[in-house]
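Please keep the sequence and the model at hand while reading.

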Amino acid sequence: MTTGSLLAADLVIAVLASAAWLGGGAASAARRRPLALGLAAVALLATLARVITITALARAGWWFAAEKVLIAAPLSLAAVGIAGPRLLRAPGDIRAVAVPLFFAGYATSSALLVTILHGYPASAGAGLLAVAGVVAATVISGRALGAHLPRTVSRVALVVAVAALLTGTGLTVAPGAAPAVPHDHGSPAARIADEPTRRFTLTAGTATVDAGGRNVAAWAFNGQVPGPELTATVGDVVEVTLRNRDIGRGVTVHWHGYDVPNDQDGVPGVTQAAVRPGQEFVYRFRADQAGTYWYHTHSASDVGVRMGLYGVLVVRPGPATGLDVTVPVHTLAGRPLPVPKVEQVEAGLPVRLRLINTDSTTHRYAVAGTAFRVAAIDGVDLRGPTPLVDTAVLIPAGGRYDLVFDAPATPVALFVDGRAVYSTGPVSTATGAWPVLDPLGYGATAPVPWSRFDKTFTLVLDRGLDLRRLLPRYAHTVNGAADPDIPPQVVRRGDVVRFTIVNRSQIVHPWHLHGHHVLVLARDGEPATGSPLWLDSFDVRPGEVWEVAFRADNPGMWANHCHNLAHADAGMTLHLMYS
Ligand SMILES: [Cu+2]
């Protein structure tokens, strides 16, 4: 059983236990003896089952079990300890066990609320608040049922409630200094001169575009979705003038995966001010990384990218050979955009398909009708990629895979999420059962270039109630905090930095660090055994623990966030900064 399924199972069992205890309390209050005893038995079994799930989660990593061991387990023990003996005494009047059963229900459900609303890290404040809630609810139920509760119970409730308030609710972590926002650096055009320059203009504006035979409202660069494909040769200077015609929420251009100097990174409020309607901004950087990249607005990025403010950036080492095409996959107005038509090629010609996922969720790609190799991931060539047949690849949000093969004489087809987006003739469509490539074991291995790490950080991804703003929100959190309250990670130039990224939530988080590619060291404690994987976008699935590292060689302040852009907007963004 994976840690992700354990997390889900534990949650379901906790809900069941809470419901059964509370249902048992209600049934006994209504003097429905067999129902009350039956529900209490279910609750007891569910509570015991949690011993297994919580122990297994703790073995997978303390991050997954902290609040369950420290808060849920003691409360569940108290529930069984108080309700159990009274049930065993088999009271003549079943109503006599109503309050103990309600107590057990409140104990289990308040621990559940701690997991759902607070998560990681566990805190004394959250624990005390949970206990105070349990005691208060039990006292109220007791009064309502006319039960005699010892006066000490009310006193304990009062003491615990005061202690909880004094400790703080524990719903937020200790404040870290939110990063200071540097101001507009202006155009850096003077910095690089006398070099071959590729000049482009991107004008952002509202537009109506044809999305597979249907006109939809979009935000577009130069009136088209995707925006124009920007190409360059290694060594060129890329100069892009961004103009905003009428996008009221502002526009920037972020060069996704391209490790540009910090002031060219296009993050509003961090590396520049958003470009407002009528304004412009000139980006300029040297293209010294070959590979497949993309660009997109980082201003109101969730809605901006979804509405169409993105395009492809390809940097080639020299003239393209054979058929070399980009396949950006995007969902516009709820429907997949058609993939650009690929010309027919003669057999034997080398083909390079640059697959790009510009959506916020993972896509599954399958090439049918030919063996292929994965030549590069996230713009970086793999070492010793071997031929694959009838194998699918999963590309995370923001990620890119370059697939290469020699065009066969027989038909080939590309499937995205089981749908043929392109084919040169009839091929088998049964790609759904194909195995999925695990890039951590693909290609030829090479030693990790570092033996020690100067800085290590752990990012625990979860959900939680965020009370820092006027309106409470159910945020996507990192270490229990949400943007802008997540303390920045501070490194020095030259540091070798290791991140541990832990997903204790129920959803996939595609992680994306700006300005640096990270080398994958291990996943779930298993070292990567294939080609060195230098990624800028990788899916951390529920229950997974990723270890990645990089050298801090690109000074500045960099966004470090989930590339499910709705999650990033809902708190899952922090910053890496150089001291
Ligand atoms: Cu996410």
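## Overall organisation

In the protein chain, residues 24 or more positions apart account for 77% of the contacts with a separation of 6 or more, a contact being heavy atoms within 4.5 Å. The model is predicted: local features need pLDDT of at least 70, side-chain atom pairs count only at pLDDT 80 or more, and totals for chains, interfaces and linings use all residues. Residues are numbered from 1 along each chain as its sequence is written, and side-chain values use heavy atoms, with hydrogens and water left out.

The protein chain has eight helices and 31 strands; helices (H or I, at least four residues) and strands (E, at least two) are DSSP runs numbered from the N terminus. Its C-alpha trace spans about 90 × 55 × 55 Å along the principal axes. Of the 579 residues, 53% count as buried; buried means under 20% relative accessible area, exposed over 50%, and partly exposed in between, with a 1.4 Å probe and protein chains only. The protein chain exposes about 23800 Å², of which carbon and sulfur atoms supply 60%; accessible areas come from the Shrake-Rupley method with a 1.4 Å probe, and for residues only the protein chains shown count as cover.

## Aromatic pairs

The structure holds 14 aromatic pairs. Rings of Phe, Tyr and Trp (its six-membered ring) pair if their centres lie within 6.5 Å; planes under 30 degrees apart count as stacked, over 60 as edge-to-face and the rest as tilted. The pair of Trp450 and Trp534 is edge-to-face because the ring centres are 5.9 Å apart and the planes stand at 90°. This pair links distant parts of the chain, 84 residues apart: Trp450 is in the loop between strand 19 (419-423) and strand 20 (455-466), and Trp534 is in strand 27 (residues 534-535).

Trp450 is buried, at a relative accessible area of 12%, whereas Trp534 is partly exposed, at 26%. Elsewhere, ring pairs link Phe221, Trp255, Tyr258, Phe281, Tyr283, Phe285, Tyr293 and Tyr295 into a cluster.

Leu7 is found in helix 1 (residues 3-29) and counts as buried, at 4% relative accessibility. Leaving aside neighbours within four places in sequence, the contacts of Leu7 include Leu57, Phe64, Asn503 and Gly543.

Asn262 is found in the loop between strand 5 (254-256) and strand 6 (280-286). Asn262 is also buried, with a relative accessible area of 13%. Asn262 and Met557 are 295 residues apart in sequence, yet their C-alpha atoms are 6.8 Å apart in space. Not counting residues up to four places away in sequence, Asn262 touches Thr271, Asn554, Pro555, Gly556, Met557 and Trp558.
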